[in-house]
Amino acid sequence: MIPFGRSLDEYQAMFGLSRRDQQRTILDCGSGPASFNAELTFAGGQVTSIDPLYQFSAEQIEQRFLHCLDDVMAQINATPENWTWSFHSDSKALKRNRVAVMECFTADFGPGKAAGRYLEASLPKLPFEDGAFDLALCSHLLFLYSGILAPEFHLQAVQELCRVAREVRIFPLRTLTSQPSTDVEPVCSMLQSLGFAPKIMQVEYELQKGGNEMLSFSIPGDSV
Ligand SMILES: C[S@@+](CC[C@H](N)C(=O)[O-])C[C@H]1O[C@@H](n2cnc3c(N)ncnc32)[C@H](O)[C@@H]1O
């Protein structure tokens, strides 16, 4: 998987995060080298980020990022029909953003890991109590890797997110080839059978063409 991360303003746009949301306890799943945790912690928020990548040092993660960066940018430049330049103005701005995000993550990772804000863990089994978080976020993992991550993995991972958080938001609902993920419908059916009311909502963020929807659901009867 591409070891890229995203910034607080991207999370706000991808997940429609309100000021109130940012005061809730947040779990970010599959965060990668994102600056979301560093930036929101600095602003007074409470975020825990999990990723199997966090078994490595900041330097090792940065090396993997630098190793992939030019190839990924070349792929983006070679497929202009797949990208929308609204949030980021063009591919050069996107590259600058990704490097700045990585630098922010690298500076925060050591102190953040010592404080327990970055944990090595993997879906579909998380090391948290039931209802440990107000809100779980998952960006560019579930649905994006449909076909690589199995349908059963999606169902188990979403059930686990429901177990540890009162509300869950997942973005985007498209695959790596910008096709609608075939895992969205089975996940929504499973959620409905468990008493959840999943909602697909349009959000402000769009980078993959057509990739501007998130899936959101809360525990039944929750008024948050
Ligand atoms: C494409 S990156 C997305 C990073 C970030 N959330 C973003 O939107 O830019 C996918 C991330 O998911 C992590 N990942 C892979 N398998 C995972 C799993 N089973 N549970 C949690 N994270 C996983 C990868 O290590 C990688 O950092």
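How many strands form the open sheet, and in what order?

## The sheet

The model is predicted; local features need pLDDT of at least 70, side-chain atom pairs count only at pLDDT 80 or more, and totals for chains, interfaces and linings use all residues. Residues are numbered from 1 along each chain as its sequence is written, and side-chain values use heavy atoms, leaving out hydrogens and water.

The open sheet has 7 strands. Their order is β3-β2-β1-β4-β5-β7-β6, with mixed pairing. Strands β3 (118-119) and β6 (199-202) are the edges, and each pairs on one side only. Two strands pair if DSSP finds at least two bridges between them. Strands (E, at least two residues) and helices (H or I, at least four residues) are DSSP runs, numbered from the N terminus.

## Around β7

Strand β7 (residues 213-218) runs antiparallel to β5 (residues 165-171), and 4 bridges join them. Ile170 stands opposite Leu215 in β7. Glu167 has Ser218 in β7 as its bridge partner.

Strands β6 and β7 also run antiparallel, joined by 4 bridges. Here Ile200 has Leu215 as its bridge partner in β7.

## The ligand site

The ligand sits in the largest pocket. A pocket is an open set of points on a 1 Å grid over the protein atoms alone, where a 1.4 Å probe fits, with protein on both sides within 12 Å along at least five of seven lines. A molecule sits in one if more than half of its atoms lie within 2 Å of its grid points.

A backbone N or O atom of Gly30 lies 2.7 Å from a ligand nitrogen atom. For Leu123, a backbone N or O atom is 2.9 Å from a nitrogen atom of the ligand. His140 uses its side chain: an N or O atom there is 3.2 Å from a ligand oxygen atom.

On its own, the ligand has 600 Å² of accessible area, and the protein covers 91% of this. Such areas come from the Shrake-Rupley method with a 1.4 Å probe.

Most peptide bonds are trans, and most residues other than glycine have a negative phi. The bond from Leu123 to Pro124 is cis, with omega near 15°. Pro124 is in the loop between β3 and β4 (133-139). Phe171 and Pro172 are also joined by a cis peptide bond, with omega about -10°. Pro172 is in the loop between β5 and α6 (184-193).

Phe143 is not a glycine, yet has a positive phi of about 70°. Phe143 lies in the loop between β4 and α5 (151-164).

Conventions. A polar contact is a pair of N or O atoms within 3.5 Å; within protein, one must be able to donate a hydrogen and the other to accept it, and residues adjacent in sequence count only if both atoms are side-chain atoms. On a 1 Å grid over the protein atoms alone, a cavity is a set of points where a 1.4 Å probe fits but cannot get out, and a pocket is an open set with protein on both sides within 12 Å along at least five of seven lines; lining residues have an atom within 4 Å of a point.
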